[in-house]
Amino acid sequence: MSPVKVVVTDYIEPDLDWEAGEMARRGVEFHTHQLKFAPPAEVVAATRDADVVIVNMVPINTEVVSHWKQCRLVIRHGVGYDNVDLKALEAAGIPLCYIPDYCQQEVAEQAVALILACGRKIVTSRRVLDDSSARGSWDFTGVVPMFQMAGQTLGIIGCGRIGSLVYKKLHSFGFKFLICDPYLTAERKRELGIEVVDQETVFRNSDFVTIHTPLTAETRHIVNSRTLAMMKPTAYLVNTARGPMVDAQALAEALRKGVIAGAGIDVYEVEPPRPDFPLFGLPNVILTPHLAWYSENAGRTIRELIVLEIDRFLAGKPPRYVAKATA
Ligand SMILES: NC(=O)c1ccc[n+]([C@@H]2O[C@H](COP(=O)([O-])OP(=O)(O)OC[C@H]3O[C@@H](n4cnc5c(N)ncnc54)[C@H](O)[C@@H]3O)[C@@H](O)[C@H]2O)c1
């Protein structure tokens, strides 16, 4: 019998030497590629006869899947799986395993950091310090006004693994909360001690809105010119979920015109964003390069969890988490 063949389409680690050693110990044939920007034909050529495909950002669509001869499992390196056409996989009878349990703390910490950095105008403060030092006198006009954050309202859209951690972490700050998640079970709401409201109530009444939904047809451009217009002019938007949740053109216009006060953004519709990305150069936005997931701990954990999934596959066990089409 020929050995099981595992193919990695793309990866963000400096190398996959540790994984190669683990696979060799298990007698697995292991091939790695960097096909993030490659045409589908190259992805097909690399994956055609794989038993397991491990994908990071490469689009896995009907065209690619239709050429697979024997694939029995796709593993998405990460939490979101919007680059994988689930319907194409379902039609081919291939489960999509994803890894939702490796970086929730880090993403929640990043969302909290962005909320606090927006509210306390940390990035602007550094500019004020530099300018003031150069002139030899304090000039705080650039950071005025700021408001006490205790007592303000934090809107959370999507209260799953990460959204609920943001809720727990910021509880002690004295925020009031407005939470929108139509899919939370009554039991989970009881556990968290929360009630939910509709999306419009969140946009209209929050001082900060933080997005933690998956990317679906329903959540694409959930932040747009209409929902931004509902927000308070003193409000901030934070997005650490997925870029396409926010219409970046509409956000840039809202930030320029003072429709909202500012934003903290970690994720982009096109990654990395192009030089003409409309949020570049705006003073009231904090941008980070899709690294909310990152810590040395999380980087190690996901590698171990992916090897664990290979072990489960070799033992004939189902993946721990199988993605389901939501919209
Ligand atoms: N920036 C990063 O590095 C990074 C890392 C990991 C995850 N993420 C992203 O964070 C997001 C949240 O991840 P998670 O693990 O908490 O997911 P999760 O599935 O645990 O939680 C998502 C929640 O959103 C809710 N939801 C779905 N549709 C909704 C809607 N229309 N309105 C309101 N709520 C809705 C679901 O009911 C669920 O409770 C995902 O988009 C994921 O891709 C980003």
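**Close-up views of a predicted model**

Arg 242 is buried, at a relative accessible area of 14% (buried means under 20%, exposed over 50% and partly exposed in between, using a 1.4 Å probe and protein chains only). Keep in mind that this is a predicted model, where local features need pLDDT of at least 70 and side-chain atom pairs count only at pLDDT 80 or more, while totals for chains, interfaces and linings use all residues. Residues are numbered from 1 along each chain as its sequence is written, and side-chain values use heavy atoms, with hydrogens and water left out.

**View 1. Arg 242 pairs up with Asp 82.** The two side chains meet in a salt bridge, 3.1 Å from N to O (that is, a side-chain nitrogen of Lys or Arg within 4 Å of a carboxyl oxygen of Asp or Glu). The partners come from distant parts of the chain, 160 residues apart: Asp 82 sits in the loop between strand E4 (73–76) and helix H4 (86–92), Arg 242 in the loop between strand E9 (236–239) and H11. For the labels, helices (H or I, at least four residues) and strands (E, at least two) are DSSP runs numbered from the N terminus. Asp 82 counts as partly exposed because its relative accessibility is 39%.

View 2. Look for Glu 218, with a polar side-chain atom 2.7 Å from a ligand nitrogen, and for Thr 240, where a polar backbone atom is 2.9 Å from a nitrogen of the ligand. Arg 242 turns up here too, with a side-chain N or O atom 3.3 Å from a ligand oxygen. On its own the ligand has 860 Å² of accessible area, and the protein covers 89% of that.

**View 3. A salt-bridge network takes in Glu 22, Arg 25, Arg 26 and Asp 311.** Arg 25 bridges to Glu 22, with their closest N and O atoms 2.9 Å apart. These two are three residues apart in helix H1 (residues 17–25), so about one helical turn separates them. Arg 25 is exposed, at 64% relative accessible area, whereas Glu 22 is buried, at 13%. Arg 26 and Asp 311 form a salt bridge as well (2.5 Å, N to O). That pair spans 285 residues, from the loop between H1 and strand E2 (29–32) to helix H12. In total, the model has 16 salt bridges.

**View 4. Ser 295 touches Glu 106.** Their side chains make a polar contact at 2.6 Å (a pair of N or O atoms within 3.5 Å; within protein, one must be able to donate a hydrogen and the other to accept it, and residues adjacent in sequence count only if both atoms are side-chain atoms). Ser 295 lies in the loop between strand E11 (285–287) and helix H12 (296–314). Ser 295 is buried, with 13% relative accessible area.

Key. Accessible areas come from the Shrake-Rupley method with a 1.4 Å probe; for residues, only the protein chains shown count as cover.
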